[in-house]
Amino acid sequence: MSINDRLKRPLEYLRISLTDRCNYRCSYCMPKDIFNTDYKYLKKSELLTFEEILSFIEVLNTFNLKKIRLTGGEPLLRRNIENLIVKIKDLGINQVALTTNGSLLSLDKAKLLKENGLDGVTISLDSLKCSTNKKINPYFNLSKVIDSIYIATDIFGFAKINVVIMNNINSNEIFDIVDRFKNLNVEIRFIEFMDVGETNEWNLDSVYSSERIYNDISKRYLLTKLKDELDSTSTKWQLEDYTAKVGFISSITQPFCRSCNRARLSADGFFYTCLFASHGYNVLETLRKSSSTLELQHDIQNIWSKRIDQYSVLRKTSRYENDRESKIEMSYIGG
Ligand code: SAM
Ligand code: SF4
Ligand code: SF4
């Protein structure tokens, strides 16, 4: 049985944050001055166990879940996630993917993930210059992340690369990135800098729009439009004469709320219906009650059927500012 929200959007895709911790400190996600040793991260004992995650997926799968993405924080900080992946696949989930900063993706780990059923990997990389990376993320290990992109394409045959473009930070490095990866079987996804959470000092001037990125790339490359999946967040193009594709994720300038079929589960078990949410539903509390599965199913159905989230659309029309509550951080809710 599938369920639709108030805007007729089905619940088909769950993004699971496996941890709110990360070994990197990207300025747009976990600025180092805030996410320091005093920051209150979740304790190990607060994290959902793999069994609890699987119980929740089982409930959600009664609504015909099609895809799961493991994310965070840095999901590869969680030990043995291959044991979780193999069990998610056993539940009959068609597609299981991983978004990672690439720092911990060795060849052996990639093989293990693939053997246990992982379908695809997305790796984040914002610049090929040490000086820019230092500004964005002081702990960045460029050679390790580039290696991980080659490993991912070798083992999975294809990889996505997420590149967050920020005006005057890395907006003049778009060619470098396309040039570097154009002969690989990858989709290079340029993401507009988003106002997720409350700590990244986002403002509209710091956004470099997808349209500008597209125009920049078109000066040197011929781009042919590819068909986008109905629920895709990115619009895809083929770089003519090369294997790589490019994609644009335009949450700021061209919001895609209309087709948003995604829900999120935080590492401590809260269910969110929008990336920009302020409140979630406590899955763990219900899971721990006896006879909880039916109650959980009922609650999720109730929450989703009332869902009207379309934050990015409202942001564009400036209708979200009044009495807005604090948004949850990306590293916690799962990017
Ligand atoms: N740590 C993993 C990684 O970096 O790939 C997974 C979690 S991260 C939160 C998921 C994705 O969100 C990354 O590709 C990252 O670049 C993106 N992201 C984080 N903060 C963002 C922001 N403010 N605007 C746009 N994208 C952002
Ligand atoms: Fe860590 Fe990913 Fe956030 Fe960067 S974007 S700080 S790698 S969670
Ligand atoms: Fe979905 Fe919320 Fe993003 Fe809109 S703003 S696409 S509803 S997560």
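**The second largest pocket and other sites**

Mentor: By class, the lining of the second largest pocket is split into seven nonpolar, seven polar and seven charged residues. The model is a predicted one. The lining comprises 21 residues, and those nearest the centre of the pocket are Ser 27, Lys 135, Met 166, Asn 200 and Glu 201. The space in this pocket comes to about 430 Å³.

The ligand shells come next. Around ligand 2 are Cys 22, Tyr 24, Cys 26, Tyr 28, Cys 29, Met 30, Gly 73 and Asn 101. Six residues of that shell are nonpolar and two are polar, with no charged residues. Ligand 3 has around it Phe 256, Cys 257, Cys 260, Arg 262, Cys 274, Leu 275, Phe 276, Arg 307, Asp 309, Tyr 311 and Ser 312. The shell of ligand 3 divides into seven nonpolar residues, one polar and three charged.

Helix H3, residues 107–115, and helix H5, residues 142–156, have axes that come within 10 Å and cross at roughly 35°. The crossing is right-handed. On the H3 side the contact is made by Leu 107, Ala 110, Lys 111, Leu 113 and Lys 114, and on the H5 side by Ile 151, Ile 155 and Phe 156. By class, this contact has six nonpolar residues, no polar ones and two charged.

Conventions. Residues numbered from 1 in each chain as written. Chains lettered and ligands numbered in written order. Predicted model: local features only at pLDDT ≥ 70, side-chain atom pairs only at ≥ 80, totals over all residues. Heavy atoms only, no water. Near = heavy atom within 4 Å. Nonpolar A, V, L, I, M, F, W, Y, C, P; charged D, E, K, R; others polar. Axes fitted to C-alpha atoms, helices over the stretch in contact; angles between N-to-C directions. Helix = DSSP H or I, 4+ residues; strand = E, 2+ residues; numbered from the N terminus. Left-handed = near helix turned anticlockwise from the far one by under 90°. Contact = heavy atoms within 4.5 Å. 1 Å grid on protein atoms, 1.4 Å probe; cavity = no way out; pocket = protein on both sides within 12 Å on 5 of 7 lines; lining within 4 Å. Points joined across faces, edges and corners; volume = space filled by probe spheres on them.
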